[in-house]
Amino acid sequence: MGRLLRHLKRHLRGLTLLVLTPMLGMTQQPHEHRIVALNLALEERVLFVQMIWSLQDIAGFEHWPPNNDAEQDSFDSGVAVVSDPRSVFSLPPQAKCKIKDVDAEGPMPADDHHEDEDPSSDARPGAHVDVTISYRFRCKAPAELAEIRVHLFRLFPDLQAIRANLITDSAQTFQELTFTEPVLFLPR
Ligand SMILES: [Zn+2]
């Protein structure tokens with residue numbers, strides 16, 4: 001079992017398999033640069049958001065490990081920015097959500113390459129490399145969670161779109177967020 005799957009299972013414990021399947025389906029696509037894939041699941045009071053980035057978009061290079069201190073620094077600062085839920089999201093205050101944990105996973109080779117080819121290395125030169133950031137919130141009033149503003153376009157000006165797959169207890173939608181439309185609307 002891959003690290004991402006283990007990671008998802010850890011986070012999705014208690015959520016339904018219905019949720020797990022489309023979330024995994026999203027991760028099987030090779031990433032596109034300047035595009036972030038976002039998976040959101042709201043089940044009862046638990047809000048889970050996962051974002052899959054290219055290492056290029058988060059750090060400005062796409063190989064692992066970093067070649068020098070400057071690359072290491074830009075990776076560290078990129079991960080620090082996206083790992084801070086207060087910088088990344090605005091949740092409606094009336095939903096009374098609290099962040100419970102944030103998990104940064106990767107860098108790991110994107111799924112368009114076969115991990116078995118070189119098990120000793122996370123990433124080969126020229127390969128796509130993913131970084132996955134996951135956030136888990138608990139909300140006292142999840143019915144108030146109508147929309148979530150995402151600030152990533154201000155933080156990462158090169159970002160073109162966030163392709164979001166949203167699942168609640170009653171519905172599922174796909175939305176594409178852009179600089180001018182940076183709000184997730186939770187389906188009901
Ligand atoms: Zn790439």
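**Note on the predicted model**

1. In this predicted model, strand β7 (residues 161-167) and strand β8 (residues 172-177) run antiparallel and are joined by 6 bridges. The two strands form a hairpin, with 4 residues between them. Within this pairing, L166 of β7 stands opposite T173 in β8.

2. The chain as a whole has 6 helices and 9 strands. Of its 188 residues, 33% count as buried. Among contacts with a separation of 6 or more, 62% are between residues 24 or more positions apart.

3. Strand β4 covers residues 97-109 and contains G106. Is G106 buried or exposed? G106 counts as buried because it has 22 C-beta neighbours inside 10 Å, where the cut-off is 20 or more.

4. Which residues does G106 contact, leaving aside neighbours within four places in sequence? They are D130, V131 and T132. G106 and W53 are 53 residues apart in sequence, and their C-alpha atoms are 9.9 Å apart in space.

5. The average pLDDT is 82, and 76% of the residues score at least 70. Over residues 1-28, however, pLDDT is below 50, although the model gives this stretch 36 contacts beyond near neighbours in sequence. Residues 113-121 also stay under 50, and for them the model has 3 contacts beyond four places in sequence.

6. Where pLDDT is low, predicted coordinates should not be read in detail. The two stretches to keep in mind here are residues 1-28 and residues 113-121.

Terms used
Residues numbered from 1 in each chain as written. Predicted model: local features only at pLDDT ≥ 70, side-chain atom pairs only at ≥ 80, totals over all residues. Buried ≥ 20, exposed ≤ 12 C-beta atoms within 10 Å, placed from the backbone. Contact = placed C-beta atoms within 7 Å. pLDDT = per-residue confidence, 0-100. Pairing = 2+ DSSP bridges.
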